[in-house]
Amino acid sequence: MNEIGEKLNKLKKEKNAIILAHIYQLPEIHDIADFVGDSLELSIKATQTDTDVIVFCGVHFMAETASILSPNKKVLIPDAQAGCPMADMITAEQLKNWKAEYKNPVVVAYVNTSAAIKAESDICCTSSNAVNVVKSIASGKNLRNLDILFVPDRNLGSYVQKTSGIKMNMWNGFCPTHNNFILPEYVLKIKEEHPSAEVLVHPECRPEVVSLADHVMSTGVMCRYVQKNFVKDFIIGTETGILYKLSKDNSDKNFYPVTNLAQCPNMKKITLTKVLDVLVNMKNIVSVPDDIRQKAYPPIYKMLQIASQG
Ligand code: SF4
């Protein structure tokens with residue numbers, strides 16, 4: 001363990017802290033984290049930990065969600081500028097205006113949204129449970145009387161609509177990393193190079209990419225799927241940070257990114273030095289105003305309930 005790792009271990013004990021990291025983080029962050037997971041797994045972990053401090057190595061909306069779920073804990077983000085461009089593609093004002101256009105709107109908010117958007121929503125979802133969340137709205141209700149509004153990711157929305165068969169209205173947002181860099185021509189080229197490999201892609205990719213995949217799944221599900229599968233070669237269509245975890249956990253398997261260009265610059269803002277800095281100085285505390293938190297909590301809680309039902 002290097003010097004920073006040793007210092008972090010000491011500080012974690014002194015301050016009763018845990019370090020949570022998203023799968024898209026740099027390898028150096030994977031190696032010092034207490035838990036590495038996708039958005040849903042990290043949200044669940046944030047509710048389960050009994051530490052006083054959570055250092056959240058990810059982007060702002062993730063730290064905000066942890067703070068909404070655990071308002072009595074101090075949630076620190078190592079870089080206050082690590083935001084999510086997709087989350088910024090819709091404002092609370094825009095969502096209010098959009099809702100006003102419908103008679104019976106039901107808003108499903110991808111967890112990649114600000115607390116203010118969650119506060120205006122009926123239920124949240126992550127990429128791993130979005131289909132079940134939308135199906136839960138439909139169960140026992142006459143869908144013809146409801147207008148499901150899905151924010152902000154049009155790609156995840158169209159995947160959910162196709163998989164569930166439930167008609168939704170999509171906000172026109174997207175993840176620049178998945179939408180702009182993971183392209184069908186790259187998938188076709190790498191499939192030619194590795195014809196026996198299984199193609200796994202994230203539902204934030206464009207529909208043309210999704211239609212070329214063998215399986216569409218969230219990053220957390222991807223990690224579990226690969227471990228259980230006997231296939232040796234995989235083509236991976238998501239942010240390249242996942243490759244470190246996949247290779248570390250499955251040294252006998254081969255992973256080929258659709259493209260090395262798929263890197264989220266915001267996720268990569270978090271470095272070891274910044275993690276140490278926030279824990280030493282207890283700075284970059286992420287908190288949510290109480291009125292927003294009260295309204296944002298129920299949609300997140302409903303999502304977690306659906307996740308716990310499998
Ligand atoms: S990978 Fe995309 S959705 Fe995830 S934080 Fe980066 S920009 Fe946002």
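Leu200 stands opposite His215 in β10. The model is predicted: local features need pLDDT of at least 70, side-chain atom pairs count only at pLDDT 80 or more, and totals for chains, interfaces and linings use all residues. Residues are numbered from 1 along each chain as its sequence is written, and side-chain values use heavy atoms, with hydrogens and water left out.

Strand β9 (residues 198-201) runs parallel to β10, joined by 2 bridges. Strands (E, at least two residues) and helices (H or I, at least four) are DSSP runs numbered from the N terminus. Pairing requires at least two DSSP bridges between two strands. The open sheet has 4 strands in the order β10-β9-β11-β12, with parallel pairing. Its edge strands, β10 (215-216) and β12 (254-257), each pair on one side only. Helix α13 (residues 242-249) packs on this sheet and touches β11 (233-237) and β12. Contact means heavy atoms within 4.5 Å. The direction of α13 makes about 170° with that of β12; axes are lines fitted to C-alpha atoms, for helices over the stretch in contact, and angles run from 0 to 180 degrees between N-to-C directions.

Helix α15 bends by about 30° at Ala296, and Pro298 follows within four residues. The bend is the angle between axes fitted to the seven residues ending at a residue and the seven starting there. Buried residues of α15 include Arg293, Ala296 and Met303 (under 20% relative accessible area, 1.4 Å probe, protein chains only). Their cover includes α3 (39-48), α4 (60-69) and β6 (123-125).

Phe174 lies in the loop between β8 (169-170) and α9 (176-181). Phe174 and Met89 are 85 residues apart in sequence, with C-alpha atoms 8.0 Å apart.

Terms used:
Buried < 20%, exposed > 50% of the residue type's maximum accessible area, 1.4 Å probe, protein only.
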